Amino acid sequence: LTVVATDQDIGKNGQLTYNLKSYPNGTANFDSGKFTIDTNGSIYLVDSLNREEVSLYDVVVTVTDDSLPFYASNVSFQIQVLDVNDNNPVLLDNTKAIATSYSATINESALVNSEVVQLYATDPDLSENGTVIFKFANESHQLPFQMNETTGSIFVTHTLDREIESLYSFDVYAEDLGNPTRQSAPVTVYVVVSDVNDNSPVFNSSRYQTSLLENSENGTLVLQVFATDI
């Protein structure tokens, strides 16, 4: 960007000097030092920007002539910082703290489509750069769960049986829709399948037989039977 000023005087009276100050929008406490202006009125960036910290700068350019006393004129404008996809999504727990893992317990009698766990994520970028979807880190076809990639809800897709599998663990991550995309670090989900009384006790034999002397004393062991319940 270049600003142009003119002065119809001659000599030093017509020689111009530019000065620039820039402030985060809404504040005028200090010069941000992000921009500078040269003797031709061309404005340059001199320090790195971070849109997530400051997205708009108020700029004031003052031009003065070299006369004594000098005359001055000001022009004000704004510089908007556009977004780039420079932030990874971050997975969050249900308190919106950074998630280190997810844990859930679900009854083995849970119906198909029952929600197991809800994932959350954040991405401070804008638009598609900050729009997040959720994914399994590995193939999920062997899991009795599926995920809504848009909402982050993980739900039951097959009948559960604690006696066959009582604990599932798998990794998930969040991915934004930027180009190129950025991904969160993977986080492990632990799902404990809790028991319901869905099995009858079973004797270890279908038929028992024994013999006993007619003069056996009271308290004599007749037979030991065994049964199990998984």
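This is a predicted model: local features need pLDDT of at least 70, side-chain atom pairs count only at pLDDT 80 or more; totals for chains, interfaces and linings use all residues.
Me: What makes Glu163 and Arg162 a salt bridge?

Reply: Their side chains meet at 3.1 Å, N to O. The term asks for a side-chain nitrogen of Lys or Arg within 4 Å of a carboxyl oxygen of Asp or Glu, so the pair qualifies. Residues are numbered from 1 along each chain as its sequence is written, and side-chain values use heavy atoms, with hydrogens and water left out.

Me: Are Glu163 and Arg162 buried, exposed or partly exposed?

Reply: Buried is under 20% relative accessible area, exposed is over 50%, and partly exposed is in between (1.4 Å probe, protein chains only). Glu163 has 22% and Arg162 has 24%, so both count as partly exposed.

Me: Which residues make up a salt-bridge network?

Reply: Arg51, Glu52 and Asp83, joined by salt bridges that share partners. Arg51 meets Glu52 at 2.9 Å, N to O, and Asp83 with the closest N and O atoms 3.0 Å apart. The Arg51–Asp83 pair links distant parts of the chain, 32 residues apart: Arg51 is in the loop between β3 (43-45) and β4, and Asp83 is in the loop between β5 (72-80) and β6 (90-92). Strands here are DSSP E runs of at least two residues and helices are H or I runs of at least four, numbered from the N terminus. The structure holds 5 salt bridges.

Me: What about Asp65: which salt bridge, and how far away is the nearest opposite charge?

Reply: Asp65 is buried and has no salt bridge; Lys12, the nearest side chain of opposite charge, is 11 Å away. In that count Lys and Arg are positive, Asp and Glu are negative, and His and the chain ends are left out. Asp65 lies in strand β4 (residues 56-65).

Me: What makes Asp65 and Ser67 a polar contact?

Reply: The distance between their side chains is 2.7 Å. A polar contact is a pair of N or O atoms within 3.5 Å; within protein, one must be able to donate a hydrogen and the other to accept it, and residues adjacent in sequence count only if both atoms are side-chain atoms.

Me: What makes a set of residues the largest nonpolar core here?

Reply: A nonpolar core is a set of buried Ala, Val, Leu, Ile, Met, Phe, Trp, Tyr and Cys residues joined through side-chain atoms within 4.5 Å. The largest such set has 26 residues, and Tyr102, Phe145, Ile154, Phe170 and Val172 have the most contacts inside it. Among the elements giving two or more residues to this core are β7 (101-107), β13 (167-176) and β14 (187-194). A second, separate core has 14 residues, including Val3, Leu20, Val59 and Ile79.

Me: How do you know how enclosed β13 is?

Reply: 7 of its 10 residues are buried, so β13 is largely enclosed by the rest of the structure.

Me: What makes β13 and β14 a pair?

Reply: Two strands pair if DSSP finds at least two bridges between them. β13 and β14 have 6, in the antiparallel sense, so they pass. Tyr168 has Val191 in β14 as its bridge partner. β10 and β13 also pair in the antiparallel sense, over 5 bridges, and Lys135 stands opposite Tyr173 in β13.

Me: Which peptide bonds are cis, and what is omega there?

Reply: Leu68 to Pro69 is cis, with omega about -5°, and Asn179 to Pro180 is cis, with omega near 0°. Pro69 is in the loop between β4 and β5, and Pro180 is in the loop between β13 and β14.

Me: What is the phi of Asn113?

Reply: About 80°, positive although Asn113 is not a glycine. Most residues other than glycine have a negative phi. Asn113 sits in the loop between β7 and β8, and at 59% relative accessible area it counts as exposed.
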